Amino acid sequence: MEMSTIAPILSETKADPFVLSYETLEKSVDASSPPWVRALRHSGNAHFEEVGFPDTSHEEWRFTNVGPISRLNAHAPRAEDLIAATPESISPYLFKSLASTTLVFVNGVLDLALSCLTGLTKGVEVVDLPTAIRQELPWVAAHLGRYARVDENAFVALNGSMIENGVAIRIPANVKVEAPVFILFLSTSQADGATVHSRILIVAGHHSEARVVESHAGLADSAYFSNSVAELVLEEGAKLEHCRLQFERTTAFHVATVQAHQARSSNLTTHSISLGARLARINVTPVLDAEGCECTMNGLYVAEGDQLVDHHTTIHHAKPNCNSHEFYHGILDGKAQGVFNGKIFVRPDAQRTDAKQTNRNLLLSDEATINTKPQLEIFADDVKCTHGATVGQLQDEAIFYLRARGIGLEAARRMLVHAFASSILNRITIDEVRTYLDDQMFDLFERPPA
Amino acid sequence: MLEIKNLHAEAAGKKILKGLNLTLRKGEVHAIMGPNGSGKSTLAQVLAGRDAYEITAGSITYLGQDLLDLEPEERAREGVFLAFQYPVEIPGVNSTYFLKAALNELRKHRGLPELDAIDFLQLVKEKMKILELPQSLLNRPVNEGFSGGEKKRNEIFQMAVLEPRLAVLDETDSGLDIDALRIVAEGVNKLKGPENAQLVITHYQRLLDYIVPDFVHVLYDGKIIRTGDKSLALDLEERGYDWLLEAYEKNGRRAESVPA
């Protein structure tokens with residue numbers, strides 16, 4: 001009798017679809033993969049099996065319950081469930097005026113017909129991950145999985161266990177790439193639980209300069225799951241602007257980690273714009289690992305209905321004389337829940353650190369909530385650290401000023417909400433992206449109801 | 001055009017205006033002077049419709065309408081304009097976008113077609129010249145990072161674009177150097193006409209060298225205690241307010257009735 005109660009539990013454990021997916025992958029491609037990739041998958045899987053999905057008793061996941069993800073019938077997208085991705089169906093997610101390099105990944109796989117690989121600056125390498133793995137590109141082998149460590153959290157571990165798809169980009173030393181590189185990750189499965197673990201590696205050579213835009217979107221209103229990891233490696237003096245756009249369907253789950261590593265005098269700007277998904281959790285974690293680094297982190301999250309959007313940023317000041325600036329704005333309506341947790345670590349070595357953090361939130365309804373928390377851990381003594389978080393409504397003085405010029409109350413409010421979003425979007429230097437997002441904000445906040 | 005009768009207003013339980021009477025006719029320029037805390041800015045804010053002030057008694061009639069019945073934006077559309085003492089910085093709202101939206105609201109209200117971007121820009125360029133403002137200000141967010149003088153000139157620039165019937169200037173001269181003062185005053189004077197009126201609130205007589213008022217009123221203790229012509233401003237410049245305030249106190253805190 002006892003055996004029969006234990007047996008189902010055992011088989012249930014074995015049947016975790018996330019682990020099953022790993023086992024399927026292991027059988028299909030792992031044997032032919034180079035040892036460093038296999039090691040990554042194995043350690044990812046081992047770590048995931050050890051820790052499992054976090055629950056809300058975990059300090060890092062207090063406000064974000066990933067139970068619905070853990071209960072998904074996770075599977076790799078199946079051909080019979082897919083909506084065809086065509087130039088028409090993906091056009092809302094592309095930036096029309098652009099003629100530069102665009103890579104479109106459909107359900108994790110590079111779609112060459114939808115992509116445009118022309119216009120790449122000489123010497124720049126953009127390689128889809130299966131090719132990079134097959135060719136055993138040394139620069140990929142040297143960096144992949146080295147920064148976003150599988151013991152970071154369950155989702156990075158899962159991504160590592162399933163590492164297969166995505167893209168690797170290398171900017172050679174001293175090369176300035178004028179045109180931005182666009183990467184679109186599109187999910188098209190109509191089946192709940194369709195899961196893609198995408199991976200991005202960007203290696204910016206010393207004194208190079210580049211801008212990369214990474215978008216995530218979906219075509220089907222299903223409970224699909226996108227779990228992405230990006231590793232940004234900035235060598236000495238490199239300058240990188242990384243713009244991450246999350247436009248998933250509001251039925252979808254989206255978890256992401258952006259892990260950056262900065263060498264001496266490098267300059268990183270990250271933008272995380274999060275508009276979609278039923279649940280979005282984005283970790284942005286730069287490590288300033290040498291002197292003279294600059295790091296700017298911008299974020300905008302907009303949520304309504306039952307959406308939950310969670311940003312956890314962790315900036316590691318490991319060495320002296322580095323500056324970091326962080327500006328995150330949130331706009332929450334309906335019953336939306338927002339979470340912002342901004343950690344700043346200043347290690348004992350990191351004297352003369354200058355770190356600023358601002359998180360401002362607008363709550364547009366009584367039922368919307370935000371949990372915002374700065375977390376400063378400072379172990380050096382000669383340090384300037386400031387942080388500020390605000391939660392509130394629009395400023396009465398500003399509303400009155402607009403009304404006193406003839407603009408109606410509702411229009412004035414909308415104009416100010418839009419402006420609140422724009423003050424983050426205006427930090428994006430890529431004109432096409434900024435204009436595109438600003439149009440989206442206009443549609444969201446200012447376009448009068450038809 | 002504007003008739004204020006026995007106006008009482010308070011903010012957070014504190015009585016500020018205590019029976020103010022004032023009449024402006026078309027084509028007139030009135031100046032309101034008075035020491036700090038007398039209620040000058042409250043009057044300006046009440047006219048524009050700021051809801052931080054509660055009207056406890058009295059009435060304001062503007063072109064035959066009950067002004068207190070109108071929302072701030074309705075007042076603006078009816079031609080009331082307040083040049084703010086402290087113009088608000090509005091990060092993220094582009095100046096051109098803001099002003100075009102405001103002008104088109106006014107035009108819609110008057111049954112005029114909305115201006116397109118090209119016509120608007122042409123209009124704006126002309127008006128900017130009057131105020132000697134750099135055109136680059138138009139590309140910046142409203143008042144953000146403007147110097148004190150730029151903010152004040154920007155208020156008058158907006159006034160020039162919106163062409164109000166009743167303009168209320170709340171200490172537009174404060175913080176301006178003499179050149180900026182002259183530019184602002186010239187701008188205001190160009191907007192003077194037989195169909196509109198101006199209420200100029202100021203601390204100092206020097207603005208009235210450039211904007212010549214038909215009437216000068218002294219506001220104290222929440223009411224007008226003395227009305228005269230432009231020579232009253234010169235008197236005040238020379239002798240200060242004390243003689244007037246003393247007379248007012250001696251008179252049992254009753255305003256001397258001086259016919260306008």
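Guide: Contact here means heavy atoms within 4.5 Å. This is a predicted model, in which local features need pLDDT of at least 70 and side-chain atom pairs count only at pLDDT 80 or more, while totals for chains, interfaces and linings use all residues; side-chain values use heavy atoms, with hydrogens and water left out. Residues are numbered from 1 along each chain as its sequence is written, and chains are lettered from A in the order in which they are written.

Visitor: How many residues of chain A are in contact with chain B?
Guide: On the chain A side there are 19 residues, in contact with 31 residues of chain B.

Visitor: And what area is buried between them?
Guide: About 2000 Å², with carbon and sulfur atoms giving 66%. Buried area is the accessible area (1.4 Å probe) that two parts lose on being put together, summed over both.

Visitor: Which residues of chain A lose the most area?
Guide: A:Phe400, A:Tyr401 and A:Arg405 do, and together they account for 40% of what the chain A side buries.

Visitor: How many salt bridges are there between the two chains?
Guide: There are 4 between chain A and chain B, a salt bridge being a side-chain nitrogen of Lys or Arg within 4 Å of a carboxyl oxygen of Asp or Glu. A:Arg403 and B:Glu73 form a salt bridge through their side chains, at 2.6 Å from N to O.

Visitor: Which helices of chain A supply the side that touches chain B?
Guide: α9 (396–403), α10 (409–425) and α11 (431–446) of chain A each supply at least two residues. The largest share, 7 residues, comes from α9(A). Helices (H or I, at least four residues) and strands (E, at least two) are DSSP runs, numbered from the N terminus.

Visitor: Turning to salt bridges again, how many are there over all chains?
Guide: The structure holds 31. In one of them, the side chains of A:Glu125 and A:Arg170 meet at 2.8 Å, N to O. A:Glu125 lies in strand β3 (residues 125–128) of chain A and A:Arg170 in strand β4 (residues 165–171), so the pair ties together parts that are 45 residues apart in sequence.
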